[in-house]
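Here's a quick tour of one protein chain. Have a look at the model first, then read on.

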Amino acid sequence: MLSVPLPFISGLVFALTLYRTLRGVETPGPRRYFLVFLAAYALQGMLVGLRFGYGIETLATVQPATASLMPPLAYLAFRSLAAAPVAIPGRHLIGPIMVVAAVIVFPPLVDPLLVLMFAVYGVLLYRLTVRDPEAVAEASLHRAVPALRAARLTAGLMFFFAATDTIVALMATTYGRQTVPLAVSLMNIAAIAAVLIYYFLPEPSAAPAPAATRAAALPNAADRALLVKIEAALDAGELFCDENLSLARLARKAGLPARDVSAVINRVTGLNVSQFVNARRIREACRLLAETDRGVTDIMFSVGFATKSNFNREFRRVAGTSPSQWRQSHRSA
């Protein structure tokens with residue numbers, strides 16, 4: 001029956017997708033929340049498959065409890081990527097505790113509570129993603145955009161599960177529980193399709209703030225002084241060459257809040273943080289291309305780029321030509 005393997009497949013596909021956001025995240029907090037969330041997601045898929053695939057109804061009292069853990073864990077996982085620490089994470093246990101109490105005392109309340117939790121945390125997750133770039137300050141700069149996309153995908157899945165859980169409950173009430181396995185199968189197929197579409201879509205490049213926004217907050221002498229401080233922190237120990245450099249780490253090195261670092265760079269240069277750091281990396285790459293005989297790929301890795309496509313794109317943005325053409329023209333000169 002389709003309802004048996006599909007929850008496992010859905011969990012695996014989603015876990016592999018979220019794994020992309022973990023690359024470049026070295027702080028233990030985000031990893032801990034992500035790993036616990038993925039474990040809960042896998043456990044929920046197994047319980048759904050066993051309950052609706054094999055008819056093990058004894059799991060009916062366990063499944064709502066594990067389901068109630070997923071929304072707060074998903075929120076805490078992505079929230080822990082922000083520069084500011086998570087405030088009172090224990091309060092996010094209120095929802096799961098209420099669901100467990102409803103399972104014991106008043107079961108008809110379980111489904112409405114779960115739907116409400118998925119919807120509320122879907123809203124919280126989506127709101128978190130509009131605080132770019134501070135929302136993913138702990139992620140490495142080249143993983144910031146994928147992390148935001150994954151957070152939006154997870155928020156979308158929260159809304160999706162809130163809607164489909166409502167539909168499944170209505171189908172069970174109207175047509176009987178024999179229709180639930182088919183509904184669960186269709187649910188998982190739709191979830192897998194959404195995740196795969198997300199996974200294979202190209203990742204958009206982070207764009208600088210609109211000119212109108214920059215004009216509304218023109219740089220002053222204090223901004224330029226702070227930019228000098230940020231540049232000094234970026235050059236100290238060749239920090240810009242670290243592939244896993246994040247906004248939060250640069251801010252700590254400069255002794256400034258992450259939000260201020262992002263705002264100052266944008267006001268003075270018109271670039272976002274990733275473009276600003278990459279411009280410094282490209283300048284170093286140009287120096288190495290001109291002064292050494294090292295290969296282009298070797299130089300690419302040494303200045304902090306993870307992929308050749310990103311290196312070539314940023315090199316053309318800054319230097320106006322490809323690395324090989326730049327070396328040839330400067331050697332000729």
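## T154, tucked away

T154 counts as buried because its relative accessibility is 1%, where buried means under 20% relative accessible area with a 1.4 Å probe and protein chains only. T154 is found in helix 6; helices here are DSSP runs of H or I with at least four residues, and strands are E runs of at least two, numbered from the N terminus. A polar atom of the T154 side chain lies 2.8 Å from the backbone oxygen of A150.

## About the model

This is a predicted model, where local features need pLDDT of at least 70, side-chain atom pairs count only at pLDDT 80 or more, and totals for chains, interfaces and linings use all residues. Residues are numbered from 1 along each chain as its sequence is written, and side-chain values use heavy atoms, leaving out hydrogens and water.

## Helix 5 meets helix 6

The axes of helix 5 (residues 110-129) and helix 6 (residues 144-175) come within 8 Å and cross at roughly 160°; axes are lines fitted to C-alpha atoms over the stretch in contact, with angles from 0 to 180 degrees between N-to-C directions. That makes helix 5 roughly antiparallel to helix 6 (angles over 145 degrees).

Contact means heavy atoms within 4.5 Å. Among the residues making it are F118 and Y126 of helix 5, and T154, M158 and F161 of helix 6.

## The whole chain

The chain has 15 helices and zero strands. Of its 333 residues, 47% count as buried. Among contacts between residues at least 6 apart in sequence, 71% join residues at least 24 apart.

Conventions:
Angles under 35 degrees count as roughly parallel, over 145 as roughly antiparallel, 65 to 115 as roughly perpendicular and the rest as oblique. Buried means under 20% relative accessible area, exposed over 50%, partly exposed in between (1.4 Å probe, protein chains only). A polar contact is a pair of N or O atoms within 3.5 Å; within protein, one must be able to donate a hydrogen and the other to accept it, and residues adjacent in sequence count only if both atoms are side-chain atoms.
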